[in-house]
Amino acid sequence: MKKYKEYEKEILSLVDELNFKQRNLYVDAKNILILGFDSEISNLRVTKSNVVIIDINPKKINLNNVKFINNDLNSSFPNLSIEFDLVVANFIMEYIQEKKIFLKNIIENLSKNGTLVIGLWFHNRILTQDLENKFRIFFNKVGFKIINIEVLMRDVNDPIFIPKVLFITLEREQ
């Protein structure tokens with residue numbers, strides 16, 4: 001925890017970079033589902049899309065196009081009755097106990113040409129070709145194809161702590 005406080009500025013800039021990379025997806029989507037709400041408010045301000053946020057901790061959001069649903073993402077998803085062309089799951093996968101069930105819930109709510117974006121904390125790790133292949137195999141098994149996978153990082157000149165985010169863009173397997 002000490003390292004997070006020490007490098008808070010760099011970590012927050014990683015979150016800003018992730019949001020910036022996702023911004024065009026927000027602008028282009030008609031219906032957006034955000035799973036676990038944390039830092040996405042800047043992107044919500046640039047979209048006129050219909051947005052549904054599912055999180056266990058209710059938050060007050062003063063935007064007319066945003067609906068908040070209080071729900072534990074480790075349980076089944078509520079009946080949403082619409083399909084989403086963008087699903088955002090930033091910094092939530094670490095808390096999901098049954099990842100395959102979680103991803104199947106996403107597929108049930110994702111339109112045929114929909115996109116899923118995931119941001120994962122990836123501090124001190126290296127994205128080897130072997131690990132990238134494991135990610136591809138895992139996501140393929142649950143119906144997704146990786147479109148892009150990249151590591152966002154900050155150099156803090158600390159050999160013990162390297163702030164990183166793994167940014168994955170996926171689409172449904174056709």
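## The sheet

Let's start with the sheet: it is open, built from 7 strands in the order S3-S2-S1-S4-S5-S7-S6, with mixed pairing. At its edges stand S3 (66-70) and S6 (144-153); each has a single partner strand, so one side of each is left without a neighbour in the sheet. Going from one strand to the next, the twist averages 15°. Keep in mind that this is a predicted model.

What holds neighbours like these together? Strands of a sheet pair through backbone hydrogen bonds, and they can do so parallel or antiparallel. Take S1 (residues 31-35) and S2 (residues 50-55): they run parallel, and 5 bridges join them. If you want a spot to look at, find Asn 31, which stands opposite Asn 50 in S2.

## Helices across the sheet

Now for two helices. H2 (residues 8-28) lies across S1, S4 (84-90), S5 (110-121), S6 and S7 (164-172), and runs at about 175° to S4. H5 (residues 129-141) lies across S5, S6 and S7, at about 145° to S6.

## The nonpolar cores

Which residues have the most contacts inside the largest nonpolar core? They are Phe 102, Phe 144 and Ile 168, in a core of 32 residues. The elements giving two or more residues to this core are S1, S2, S4, H4 (99-109), S5, H5, S6 and S7.

Zoom in on Phe 144: leaving out residues up to four places away in sequence, it touches a list that includes Leu 103, Ile 106, Leu 116, Phe 139 and Leu 170.

Terms used. Residues are numbered from 1 along each chain as its sequence is written. This is a predicted model: local features need pLDDT of at least 70, side-chain atom pairs count only at pLDDT 80 or more; totals for chains, interfaces and linings use all residues. Side-chain values use heavy atoms; hydrogens and water are left out. Two strands pair if DSSP finds at least two bridges between them. Helices (H or I, at least four residues) and strands (E, at least two) are DSSP runs, numbered from the N terminus. Axes are lines fitted to C-alpha atoms, for helices over the stretch in contact, and angles run from 0 to 180 degrees between N-to-C directions. Contact means heavy atoms within 4.5 Å. A nonpolar core is a set of buried Ala, Val, Leu, Ile, Met, Phe, Trp, Tyr and Cys residues joined through side-chain atoms within 4.5 Å. Buried means under 20% relative accessible area, exposed over 50%, partly exposed in between (1.4 Å probe, protein chains only).
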